[in-house]
Amino acid sequence: MTKYRLIAMDLDDTLLTDDLTVSDRTVDAMRKAISQGVHLTIATGRMFASAQRIAKQVGLNVPIITYQGSLIRNLLDEEVLYERSVPAEEARKLYEYTRKHGLHLQTYIDDKLYSFDNGDKLAAYAKQSGIPYIVEPDFDRLPPGNHTKLIIIDDPDKLDALFPILRDLMGEEVHMTKSKANYLEFLHREGTKGHALRFLAEHYGFSMEETIAMGDAWNDREMIEAAGLGVAMANAVPALREIADYVTLGNNEDGVAHVLEKFVLNS
């Protein structure tokens, strides 16, 4: 049986239960795996500041993958190991399109959230991720810095219809994905969880066969395809369950703990 040495877990709807906590059983399994020398990390669409809090709570001490794979930072000294951002001209193009069509758009610069619109969509997003935000309607008044990620928040069907239109509008340097049904996200083409997982494996000198990736949404596809063992949660979108090597229990049934116990602790 393969000895797995690097394990990446999505946060929302994967490691976290619906009430945004990590169960005792899961924390226990993670600590046992870490004590055996296994490298556990999280791979999330969240910003570093939001993900860092959870990672510290569950006792992780390795670099974490944030912004869908656009930023890998050490947890302790916050050194940046890997960083990709959306080209400024593409970010501006998206801004202009959303202004013309009345869409809610937000961006991240230097690990701070900036929204071009105020309202219910922003309030709900900030509550979910537990982070402060700055409202700045004017693109040219944003602080200097790179756009790590941009998000349009809207009705799922509307976003599905927008996807091909914006795919044509954005350049080859931009990767588009959905982290939740109502979040359409824009990243650098190398800002995926798959790119980040490959980078971390190489950083530690592990082969991809020695990696496990766990997730629930379409933005987890790249890392699930890249990993030696790609795991979808029982609550994952159907398309992800179809391509996974293994489907575990749901996020409210200790699905992450089940994988650690089955493939890591009992091997």
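Predicted model: local features only at pLDDT ≥ 70, side-chain atom pairs only at ≥ 80, totals over all residues.
Residues are numbered from 1 along each chain as its sequence is written, and side-chain values use heavy atoms, with hydrogens and water left out.

Helices (H or I, at least four residues) and strands (E, at least two) are DSSP runs numbered from the N terminus, and two strands pair if DSSP finds at least two bridges between them.

I looked up the sheet first. I found an open, mixed sheet of 6 strands in the order β8-β7-β6-β9-β11-β10. Because β8 (134-135) and β10 (174-180) each have a single partner strand, one side of each is left without a neighbour in the sheet.

I then turned to the helices. Helix α4 (residues 88-101) lies across β6, β9 (147-153), β10 and β11 (183-188), at about 20° to β9, whereas helix α6 (residues 156-169) lies across β9, β10 and β11, at about 170° to β10.

Last, I checked K149, which is found in strand β9. K149 counts as buried (under 20% relative accessible area, with a 1.4 Å probe and protein chains only), because its relative accessibility is 1%. Its side chain reaches the backbone oxygen of G45 at 2.5 Å, and the residues that K149 touches, leaving out those up to four places away in sequence, include R46, Y67, Q106 and E185.

Terms used: Contact = heavy atoms within 4.5 Å. Axes fitted to C-alpha atoms, helices over the stretch in contact; angles between N-to-C directions. Buried < 20%, exposed > 50% of the residue type's maximum accessible area, 1.4 Å probe, protein only. Polar contact = N/O pair within 3.5 Å; in protein donor to acceptor, adjacent residues only side chain to side chain.
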